Amino acid sequence: MVTTVDSQPTKHQEVGHKSLLQSDALYQYILETSVYPREPQAMKELREVTAKHPWNLMTTSADEGQFLNLLLKLINAKNTMEIGVYTGYSLLSTALALPEDGKILALDINRENYEIGLPIIEKAGVAHKIDFREGPALPLLDQMVKDVKLHGSFDFIFVDADKDNYLNYHKRLIDLVKIGGVIGYDNTLWNGSLVAPPDAPLRKYVRYYRDFVLELNKALAVDPRVEICQLPVGDGITLCRRIS
């Protein structure tokens, strides 16, 4: 989900623009030189379809989609989870990266949005990798945590959902991801609002969720169970590699 500061106009017209770069031209260079030429046709189609949706700024940016796709290949992920799906751009990026027998447990409260991208996902031949579940994620995660057989069963988990529950997710996901596995939390730089002055004219929801993002970042920074790396890709993504 993208955020904006009222005093600053949204940069670029590309769907899902979440770059924290100060130079519009530099971000456009990255897209046109390294991202768009390598973007799979299915992901391009889904990006263009999502552009027509009134909530299109919720989608994962194209450069972050490329990053996730390569990351999953680098860590040889096979069993993954995604919390927060929207139309499925990051989900498709993941599905394309996984081996033929790879699996994604995809959780979202809105199946209607997921079904916007589903025909493209099916055409790409990766729908069989996805187990979509509609509804709040926490009750299902609680059930999963109770099943000891599921502990340490996920290679990668991507979280791009309700920011006020990120810490609640982390408390559960840390048991479900394997030692050496990775959890990725999206929007952890919250469009730069984390360092905005107290009197900055932020939108109400930006200001509200900013406190939860700040709390998450502080908690992850001192969590001895993970190694972390916070990257200014998209709207900020923090990677947590479980070490204990």
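A residue is called buried when its relative accessible area is under 20%, exposed when that area is over 50%, and partly exposed in between. This report applies these terms to a predicted model.

**An enclosed helix**

Helix α7 spans residues 166-176, and eight of its eleven residues are buried, so the helix is largely enclosed by the rest of the structure. The buried residues of α7 are Y166, L167, Y169, H170, R172, L173, I174 and L176. An α-helix has 3.6 residues a turn, so residues three or four places apart point the same way.

**A nonpolar patch on the surface**

L21, L26 and Y29 together make a nonpolar surface patch of about 280 Å². Of these residues, Y29 belongs to helix α1, which covers residues 24-35. Y29 counts as exposed because its relative accessibility is 51%, and the cut-off for this class is over 50%.

**The largest pocket**

Empty space can be located with a probe. Rolling a probe the size of a water molecule over the atoms shows where empty space is left. In this model, the largest pocket holds about 580 Å³ of space. Its lining consists of 31 residues, and D108, I109, D160, A161 and D162 lie nearest its centre. The elements that give two or more residues to this lining are the strands β1 (79-83) and β2 (103-108) and the helices α4 (89-97) and α6 (137-146).

**Salt bridges**

Side chains of opposite charge can pair when their charged atoms come close. The whole structure contains ten salt bridges.

| Salt bridge | N to O distance | Accessibility of Asp | Accessibility of Lys or Arg |
|---|---|---|---|
| D101 and K78 | 2.8 Å | D101, 44% | K78, 39% |
| D131 and R133 | 2.9 Å | D131, 32% | R133, 36% |
| D223 and R225 | 2.9 Å | D223, 9% | R225, 31% |

The bridge between D101 and K78 links distant parts of the chain, as the two residues are 23 residues apart. D101 lies in the loop between α4 and β2, while K78 lies in the loop between α3 (62-74) and β1. D101 is partly exposed, and K78 is partly exposed as well. In the bridge between R225 and D223, R225 is partly exposed, whereas D223 counts as buried because its relative accessibility is 9%.

**The loop between α3 and β1**

A77 is also placed in the loop between α3 and β1. A77 is buried, with a relative accessible area of 3%. The C-alpha atom of A77 is 8.2 Å from that of P99, although 22 residues separate them along the chain. N76 is found in the loop between α3 and β1 too; with a relative accessible area of 63%, N76 is exposed.

**Positive phi angles**

Most residues other than glycine have a negative phi, and most peptide bonds are trans. N76 has a positive phi, near 55°, and is not a glycine. W190 is likewise not a glycine, and its phi is positive at about 45°. W190 lies in the loop between β5 (177-186) and α8 (204-221). W190 is buried, with a relative accessible area of 0%, whereas N76 is exposed.

Methods:
Residues are numbered from 1 along each chain as its sequence is written. This is a predicted model: local features need pLDDT of at least 70, side-chain atom pairs count only at pLDDT 80 or more; totals for chains, interfaces and linings use all residues. Side-chain values use heavy atoms; hydrogens and water are left out. Patches are made of residues with over 30% relative accessible area and no salt bridge: like charges are joined within 9 Å, nonpolar side chains (Val, Leu, Ile, Met, Phe, Trp, Tyr) within 5 Å. Accessible areas come from the Shrake-Rupley method with a 1.4 Å probe; for residues, only the protein chains shown count as cover. A salt bridge is a side-chain nitrogen of Lys or Arg within 4 Å of a carboxyl oxygen of Asp or Glu. Helices (H or I, at least four residues) and strands (E, at least two) are DSSP runs, numbered from the N terminus. Buried means under 20% relative accessible area, exposed over 50%, partly exposed in between (1.4 Å probe, protein chains only). On a 1 Å grid over the protein atoms alone, a cavity is a set of points where a 1.4 Å probe fits but cannot get out, and a pocket is an open set with protein on both sides within 12 Å along at least five of seven lines; lining residues have an atom within 4 Å of a point. Grid points are joined across faces, edges and corners, and a volume is the space filled by probe spheres set on the points.
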